Amino acid sequence: ELDRYFPDFVARDGAGTYWIIEGKDKRGRDDAKVQAKRKAAEKLVRRLAIEEEYVGQTWGYMIAYEDDIAKADSWDDLKVLAQPVSNEV
């Protein structure tokens, strides 16, 4: 259930976007539970865009796999590799 969800990290980037970030081993790419969590978090991020207390905020979600983190030289690199979802319009 989402009401019992505790992300690994919540961070705010320089552009003001809040990110829910999950760190996972690369084997998680093929793990059904990890992918189900991703789908649930994507729905949550889209729902935040219409919640009154989050109006004006941008939220995103990403799974940062260890191999992507190792390849990334910057936050922008990691965002490309992780293919995040956000409610940015």
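Colleague: What is the relative accessible area of Ser86?
Modeller: This is a predicted model, where local features need pLDDT of at least 70, side-chain atom pairs count only at pLDDT 80 or more, and totals for chains, interfaces and linings use all residues. Residues are numbered from 1 along each chain as its sequence is written, and side-chain values use heavy atoms, leaving out hydrogens and water. Buried means under 20% relative accessible area, exposed over 50%, and partly exposed in between (1.4 Å probe, protein chains only). Ser86 counts as partly exposed because its relative accessible area is 28%.

Colleague: Where does Ser86 sit?
Modeller: Helices (H or I, at least four residues) and strands (E, at least two) are DSSP runs, numbered from the N terminus. Ser86 belongs to residues 85-86. That run is strand E4.

Colleague: Which residues does Ser86 touch, not counting residues up to four places away in sequence?
Modeller: Contact means heavy atoms within 4.5 Å. Trp59 is 27 residues from Ser86 in sequence, yet 5.5 Å away C-alpha to C-alpha. Beyond four places in sequence, Ser86 touches Trp19, Val45, Trp59 and Gly60.

Colleague: How many aromatic pairs are there?
Modeller: Rings of Phe, Tyr and Trp (its six-membered ring) pair if their centres lie within 6.5 Å. Planes under 30 degrees apart count as stacked, over 60 as edge-to-face and the rest as tilted. By this rule the count is three.

Colleague: What class of pair do Tyr18 and Trp59 form?
Modeller: The ring centres of Tyr18 and Trp59 are 5.0 Å apart and the planes meet at 20 degrees, so the pair is stacked. Distant parts of the chain are linked here: Tyr18 in strand E2 (residues 18-24) and Trp59 in strand E3 (residues 59-65), 41 residues apart. Tyr18 is partly exposed at 25%, whereas Trp59 is buried at 11%. The class of the pair is stacked.

Colleague: Which residues form one aromatic cluster?
Modeller: Tyr54 also pairs with Trp59, edge-to-face, at 6.0 Å between centres and 85 degrees between planes. Tyr54 is partly exposed, with a relative accessible area of 24%. The cluster is Tyr18, Tyr54 and Trp59.

Colleague: How far apart are the C-alpha atoms of Arg46 and Trp59?
Modeller: Arg46 is in helix H1 (residues 32-48). Arg46 is partly exposed, with a relative accessible area of 45%. Along the chain Arg46 and Trp59 are 13 residues apart; their C-alpha separation is 8.3 Å.

Colleague: What is the order of the strands in the sheet?
Modeller: Two strands pair if DSSP finds at least two bridges between them. E2 and E3 run parallel, joined by seven bridges, with Ile20 opposite Tyr61 in E3. The open sheet has four strands and mixed pairing, in the order E1-E2-E3-E4.

Colleague: At about what angle does H1 run to E3?
Modeller: Axes are lines fitted to C-alpha atoms, for helices over the stretch in contact, and angles run from 0 to 180 degrees between N-to-C directions. H1 lies across E2, E3 and E4. The angle to E3 is about 160 degrees.

Colleague: How far is Pro84 from Met62, C-alpha to C-alpha?
Modeller: Pro84 is in the loop between helix H3 (75-82) and E4. Pro84 touches Trp19, Tyr61, Met62 and Lys79, leaving out residues up to four places away in sequence. Met62 lies 22 residues away along the chain, with a C-alpha separation of 4.5 Å.

Colleague: What is the radius of gyration of the chain?
Modeller: The radius of gyration is taken over C-alpha atoms, and the globule rule is 2.2 Å times the number of residues to the power 0.38. With 89 residues, a compact globule would come near 12 Å. The chain agrees with that, at 13 Å.
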